[in-house]
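Have the sequence and the 3D view ready. This report walks through some local features, one at a time.

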Amino acid sequence: MTAVHYGADAVYLGGKHYSLRAKAGNFNPEKMREGINYAHQHNVKVYVTVNILAHNDDLSGLPDYLRELHDMGADGVIISDPGVLMTAREAVPDLPIHLSTQANVTNAASAAFWLSQGALRLNLARELSMQEIADISKGVSGELEVFVHGALCISYSGRCMLSNYMTGRDANQGNCAHPCRYSYALVEEKRPGQYFPVDEDERGTYIFNSKDLCLLESLPQLIAAGADSLKIEGRMKSIFYVGGVVRVYRAALDYLAGLPKEAWEKPEEITLPQEFMEELLRTGTRGITENFIKERPGSSEMNYMTSRVIQTYEPIAVVRDLDNGLLVEIRNTLFPGTEVEYMKQGVGATKVRITTFRDEEGKTLEKANPGNRVFLTTEPALEEVEVLGILRRKIADDK
């Protein structure tokens, strides 16, 4: 609902099975149907991940699950395994198939193969340069999708065995323990005296911990290269992250759509207003990288010091109702007198100060805790506020 509110054209999500986020709060059939219906009411599509690398046992209930997704009205399924793709074509031949980035499409011949097998859209591998994306686009006629923002795995487009080796939890079955975010000290027994060139402190070093992907400033070139869809990695993320990131990319695309035709004669010279990136960084990040888009990434694309997300802002409430006043659901402890910002659609934010709040029975409160539903009064009064809008507050100076 947050992604839809802040401007997504489509949302991807997972069910209780066959998804690569087994530990997420995935959708049961009832909630999935509800989500699909909500999205469709707002002219937004829903794609369901069925993207595990399947073993024989995984295939037994798959046809029935695919038919269930079809009956719910899912707009497509995201698949990486050839056997799952073949099963989908047989069980639900009219349900669109999108190829997952897990399938590692890195060239035009591979793209043509998967399109010939029935895939409608290909989510390309994340290890491609801008020129490679453009070359693939020129060589095929199917839709191309590119990841533009979010966490990166230290593996080939998500195919990682580190979790399985260390914890017995298989990332390719949706059960990743995220060991790439652990703190390590590197020792190689057979090469005494040779040390991996990383920065470290007394706690070790996060040698596998990539910075987060951010292709915001490369959107003009991506569009010119032939990207049909931009994908934001947002699963197992907060609504603050989802809303904050989606609204910036939505605003950026709308801005680019409004440029005169002649501007696209030199897309490499198109620049976005600085406020777009400034706003994006307020959602929290491990640092940002463009990954392979311009050149092969090196040590500067890694965050060796910490796995924690740097945040200068935090969410404090979500608007739930407007019928009898500004009713919000509190996300972080809040006191009267706090200065907050209402995140509008687009990149704008309205600053107000909370003067009072009261509970749903009308009692004035001195404090609101996470989970509380309270009516807010602000100075000045918030105008043009909408249900599902997010309120945030600054917690540190911007870096």
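Residues are numbered from 1 along each chain as its sequence is written, and side-chain values use heavy atoms, with hydrogens and water left out.

**Confidence.** pLDDT is the predictor's confidence in each residue, from 0 to 100. The chain averages 87, and 81% of the residues score at least 70. Over residues 200-204 the pLDDT is below 50. Where pLDDT is low, the predicted coordinates should not be read in detail.

**Strands.** Strands (E, at least two residues) and helices (H or I, at least four) are DSSP runs, numbered from the N terminus. Two strands pair if DSSP finds at least two bridges between them. Strand E15 (residues 373-379) runs antiparallel to strand E11 (residues 326-330), with four bridges. Here Glu 329 stands opposite Arg 373. E15 is also antiparallel to E13, through six bridges. Thr 356 has Thr 377 in E15 as its bridge partner.

**Ile 354.** This residue sits in strand E13 (residues 349-359). Is Ile 354 buried or exposed? Ile 354 is buried, because its relative accessibility is 1%. Buried means under 20% relative accessible area, exposed over 50%, and partly exposed in between (1.4 Å probe, protein chains only). Contact means heavy atoms within 4.5 Å. Beyond its neighbours within four places in sequence, Ile 354 touches residues including Leu 334, Val 340 and Leu 376. Gly 337 lies 17 residues away in sequence, yet the C-alpha atoms are 5.2 Å apart.

**Backbone angles.** Most residues other than glycine have a negative phi, and most peptide bonds are trans.

| Residue | Phi | Relative accessibility |
|---|---|---|
| Asn 43 | near 60 degrees | 73%, exposed |
| Leu 388 | near 85 degrees | 6%, buried |

Asn 43 is in the loop between helix H2 (29-41) and strand E2 (45-49). Leu 388 is in the loop between E15 and E16. Pro 380 is in the loop between E15 and strand E16 (390-394). The peptide bond from Glu 379 to Pro 380 is cis, with omega near -5 degrees.

Technical notes. This is a predicted model: local features need pLDDT of at least 70, side-chain atom pairs count only at pLDDT 80 or more; totals for chains, interfaces and linings use all residues.
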